[in-house]
Amino acid sequence: MKRITEYKKLFGVEKEIELKALKTSYRNLVKEWHPDKFQDGDALQEEAEVNSRRIIDGYHFLVSIAPETKAANLEEYTETITNSGIADFQHKGMLLEITYLDGFTYEYFGVTRQIYIKMVNSDKLNRFAKRSIYPNYLYRKSKRTLEYAE
């Protein structure tokens, strides 16, 4: 959640993420902090490179959790959580990453250790996730996918 707040602050997003406004903010920040804007040896060139990477990462992250993106991918997500079992999962900090049998991986934000422990101890993992994880936590599709050995 800290990451989300940090990126929203960087792009000046108040509450809901609107892709059009986010794109405008992104373009303005990239123009301001593009490394090519600074000459070799300029003290700000290194800072510009760091900020540029942060801006790009933040933009892609916020686009992935935007309501418009989620709406566009809702059918695929619903298909995955309804018809695919959980192949693997891991928890780090407040992030729960679940990999499904169909190969897709989703990240759920704000999942406490207590909820994770309940999930691990659940005898019906899919049922617990459908009731306690999917409807209650912000999610995004992860770039990681499950690779099957052939």
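Rings of Phe, Tyr and Trp (its six-membered ring) pair if their centres lie within 6.5 Å; planes under 30 degrees apart count as stacked, those over 60 as edge-to-face, and the rest as tilted. With that in hand, here are the close-ups. They show a predicted model, in which local features need pLDDT of at least 70 and side-chain atom pairs count only at pLDDT 80 or more, while totals for chains, interfaces and linings use all residues. Residues are numbered from 1 along each chain as its sequence is written, and side-chain values use heavy atoms, leaving out hydrogens and water.

**View 1. A tyrosine cluster.** Ring pairs join Tyr77, Tyr100, Tyr106, Tyr108, Tyr134 and Tyr139 into a cluster. Look also for Lys70, whose charged end sits over the ring of Tyr139, 4.6 Å from its centre. (For a charge to sit over a ring, NZ of Lys or CZ of Arg must be within 6 Å of the ring centre and within 35 degrees of the ring normal.)

**View 2. Two aromatic pairs.** The count comes to twelve aromatic pairs. Tyr7 and Phe61 make a tilted one, with 5.6 Å centre to centre and 50° between the planes. Tyr7 lies in helix α1 (residues 2–11) and Phe61 in helix α3, so this pair ties together parts 54 residues apart in sequence. Both Tyr7 and Phe61 are buried (under 20% relative accessible area; exposed is over 50%, partly exposed in between, with a 1.4 Å probe and protein chains only). Phe89 and Tyr116 form an edge-to-face pair, 6.0 Å centre to centre with 70° between the planes. Here strand β1 supplies Phe89 and helix α6 (residues 113–121) supplies Tyr116, 27 residues apart. Tyr116 counts as buried, at 17% relative accessibility.

**View 3. The open sheet.** Four strands line up in the order β1-β2-β3-β4, with antiparallel pairing. (Strands pair if DSSP finds at least two bridges between them; helices, H or I of at least four residues, and strands, E of at least two, are DSSP runs numbered from the N terminus.) β1 (86–92) and β4 (138–141) stand at the edges with a single partner strand each, so one side of each has no neighbour in the sheet. Five bridges join β2 (residues 95–100) to β3 (residues 105–109), and Leu95 stands opposite Phe109 in β3.

**View 4. Helices on the sheet.** Helix α3 (residues 43–65) lies across β3 and β4, at about 115° to β4. (Axes are lines fitted to C-alpha atoms, for helices over the stretch in contact, and angles run from 0 to 180 degrees between N-to-C directions.) Helix α5 (residues 74–83) touches β2, β3 and β4, and its direction makes about 95° with that of β3. Contact means heavy atoms within 4.5 Å.
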